[in-house]
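Q: Please go through this model with me. I want each label set against its cut-off.

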Amino acid sequence: MKRHHLGLAAALVALLALAWLWPEGDEPPAGAPTATEPTASEAPATPGEDAGEAGTTAPGGEATGGTEQSASASATPEATTGAPSSAPPSPPAAAAYDGPLGTRNHTGTDAIALTFDDGPSPEWTPKVLEMLRERGIKATFCVIGAYAEAYPEIVADIVREGHTLCNHSWFHEFDLGTRGDAEIRANLQRTNDAISKAAPGATVAYFRHPGGQWTDRAIGVAADMGMESLHWAVDPSDWDNATTEAQIRDRVMDRTEPGGIVLLHDGASNQQDMCGALTTILDEFERRGYTYVAL
Ligand SMILES: [Zn+2]
């Protein structure tokens, strides 16, 4: 019996580990789906290859995709005049939707939003939750359905501690948005079902496409299901093994402006560095007087 359980657990962990090392996919949309899909399922065993792949795509895609939009959104006057205190659920200004294809990349107030993708991870999500708890910060967790199913107790913890949930697809399918409506819907529904099973009654009001590779179709299906499409303003590439703790820290601190939505990862490949950087980042944000909104 015990051995049987251990065998099952080992198989599950091995399966999940296969998808653990993908890059967050801030790759340029063109060509990425076919390039990354096989890699995500076959190559994660070779960290070097993963880092190399990320390295070739990161310079063009991720920094510009996130931060330029961040700058323009944050510089918009009305975006900085919102109440700095924790936001009531009022509709954000139009400037909050300067992400790709009109996705949301700004909170609509001065409060910033921390978002954590690719979990839940039994190793890292509890650490992130603890850091947030100690400071009374509420954040948003973009969870992967297969992991929500594997670690339901962590999803329940996220909800119990007052954080917001976001659907990040069933298994981080980078090309999800290129598939048919029915397949997209089934994928997102399966994820929401796993979340509901883990945390009955929990609301999933947001969807974040894997890798930020948005399509109008995916956005439309998500909207149909009552989920707003959530992009980001700041991406420090903490999904990339080649990114150091100092780089994550500096990029987030340099690029985050009031109202910005910050992309971080409690699952993927580089959480040790992310967690290391997070303490310093939160200290600095406290000095700046930032408040947080869980969206
Ligand atoms: Zn992701």
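Q: What makes H7 and H8 oblique to each other?
A: The axes of H7 and helix H8 (residues 216-224) cross at roughly 55° and come within 10 Å. Axes are lines fitted to C-alpha atoms, for helices over the stretch in contact, and angles run from 0 to 180 degrees between N-to-C directions. Under 35 degrees counts as roughly parallel, over 145 as roughly antiparallel, 65 to 115 as roughly perpendicular, and the rest as oblique. H7 and H8 are therefore oblique. The model is predicted: local features need pLDDT of at least 70, side-chain atom pairs count only at pLDDT 80 or more, and totals for chains, interfaces and linings use all residues. Residues are numbered from 1 along each chain as its sequence is written, and side-chain values use heavy atoms, with hydrogens and water left out.

Q: Which hand does the crossing of H7 and H8 have?
A: H7 passes H8 in a right-handed crossing. The term applies if the near helix is turned clockwise from the far one by less than a right angle; anticlockwise is left-handed.

Q: Which residues of H7 and H8 meet?
A: Asp-181, Ile-184, Arg-185 and Leu-188 in H7 meet Arg-217, Ala-218, Val-221, Ala-222 and Asp-224 in H8. Contact means heavy atoms within 4.5 Å. The residues of this contact divide into five nonpolar, no polar and four charged. Ala, Val, Leu, Ile, Met, Phe, Trp, Tyr, Cys and Pro count as nonpolar, Asp, Glu, Lys and Arg as charged, and the others, Gly among them, as polar.

Q: What makes H9 roughly parallel to H10?
A: The axes of helix H9 (residues 245-255) and H10 cross at roughly 30° and come within 8 Å. That angle makes H9 roughly parallel to H10. The crossing is right-handed. The residues of the contact of H9 with H10 divide into seven nonpolar, two polar and six charged.

Q: Why are H4 and H10 called roughly parallel?
A: Helix H4 (residues 125-135) and helix H10 (residues 271-288) pack at about 15°, with their axes 11 Å apart. H4 and H10 are therefore roughly parallel to each other. H4 passes H10 in a right-handed crossing. Lys-127, Val-128, Met-131 and Arg-135 are the H4 residues in the contact. Among their H10 partners are Met-274, Leu-278 and Glu-286.

Q: How many helices and strands does the chain have?
A: The chain has ten helices and six strands. Helices (H or I, at least four residues) and strands (E, at least two) are DSSP runs, numbered from the N terminus.

Q: How do you know that Thr-103 is buried?
A: Its relative accessible area is 1%. Buried means under 20% relative accessible area, exposed over 50%, partly exposed in between (1.4 Å probe, protein chains only). Thr-103 is therefore buried. Thr-103 sits in the loop between helix H3 (47-75) and strand S1 (113-119). Residues that Thr-103 touches include Tyr-97, Trp-214 and His-231. Of the 295 residues of the chain, 55% count as buried.

Q: What makes Ser-169 and Ser-237 buried?
A: Ser-169 has a relative accessible area of 0% and so is buried. Ser-237, at 1%, is buried too. Phi of Ser-169 is near 80°, positive in a residue other than glycine. Phi of Ser-237 is near 60°, also a positive value in a residue other than glycine. Ser-169 lies in the loop between S3 and H7. Ser-237 is in the loop between strand S5 (228-229) and H9.

Q: What makes Ala-268 buried?
A: Ala-268 has a relative accessible area of 2%, so it is buried. Its loop runs between strand S6 (261-265) and H10. The C-alpha atoms of Ala-268 and Asp-118 are separated by 5.8 Å, though these residues are 150 apart along the chain.

Q: Which residues touch the most other members of the largest nonpolar core?
A: Leu-114, Phe-116, Phe-141 and Leu-188 do, in a core of 55 residues. The largest share, seven residues, comes from H10. A nonpolar core is a set of buried Ala, Val, Leu, Ile, Met, Phe, Trp, Tyr and Cys residues joined through side-chain atoms within 4.5 Å.

Q: What is the peptide bond from Gly-119 to Pro-120, cis or trans?
A: That bond is cis, with omega near 0°. Pro-120 is in the loop between S1 and H4.

Terms used. Lists of a residue's contacts leave out its neighbours within four places in sequence.
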